[in-house]
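Dear colleague,

Here is the structure you are taking over. My notes on it follow below.

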Amino acid sequence: MDEKPPTLTERRKAATQLELARAAARLFTDRGPDATTAEEIAAAGGVALRTFYRYFRTKEDAVAPLLTVGADHWRARLAASDRSVDPLIAIEQAIAEALTPPDAEVEGVHWTRGLLRAGADDPALMNVWYRVNRESEAKLRGIILELGGPSVDELTARLVAAAATDAIRIALEAWAETDDPELGPGSPAERAVQNFRRLSAGLTSV
């Protein structure tokens, strides 16, 4: 059964949360999490502090919507891939496209680098990063099962979902530690595709 489209109230809430996430990402990148308060994020996002805490438990939680947008973006690309293409190839293509600007847009990659650097000394911020990745991995399993058809079992779907998610996560984490460009050699897209090929090497097809 198709999901119902979001209501106007839900769309407004999501827009506000994303605006707060952008504000948090800017402040964390510029100042670091320790020097940033929830009050400052709320003010930068144009809401009262009480409203901020209706949406997020902590200041670090505020970046989750921005990270989730990137994860949703790449899964949507994979879900829309050509069913005649081998799923492993489709995953590679979706990863490369999602992490390649301008499709990924600057915020999809640029802010991730800033947040990962800011999170190097902030376990709470990294916990948000890992949580978003775990949630994306769980959602990815269903897409892989659909792409692979009846020949794909649950365990294989879980393994492929883990490989794809970790390929992207590790690529972005490694890239954030460098000054490598967003395109070309050393880019997130190149790193992630190479990671996925290595992690999925034992699976000739799905």
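Across the whole structure there are 3 aromatic pairs (rings of Phe, Tyr and Trp, the last by its six-membered ring, with centres within 6.5 Å; planes under 30 degrees apart are stacked, over 60 edge-to-face, the rest tilted). The Phe52 and Phe56 rings make a tilted pair, because their planes stand at 55°, with centres 5.4 Å apart. The rings of Tyr55 and Phe56 have centres 6.3 Å apart and planes at 70°, so this pair is edge-to-face. Phe52, Tyr53, Tyr55 and Phe56 form one aromatic cluster. Phe52 is buried at 0% relative accessibility, and Tyr55 is partly exposed at 22% (buried is under 20% relative accessible area, exposed over 50%, partly exposed in between; 1.4 Å probe, protein chains only).

This is a predicted model: local features need pLDDT of at least 70 and side-chain atom pairs pLDDT 80 or more, while totals for chains, interfaces and linings use all residues. Numbering runs from 1 along each chain as its sequence is written, and side-chain values use heavy atoms, without hydrogens or water.

Leu78 touches Ala90, Ile91, Ala94, Leu140, Ile143 and Leu147, leaving aside residues up to four places away in sequence (contact: heavy atoms within 4.5 Å).

Regards
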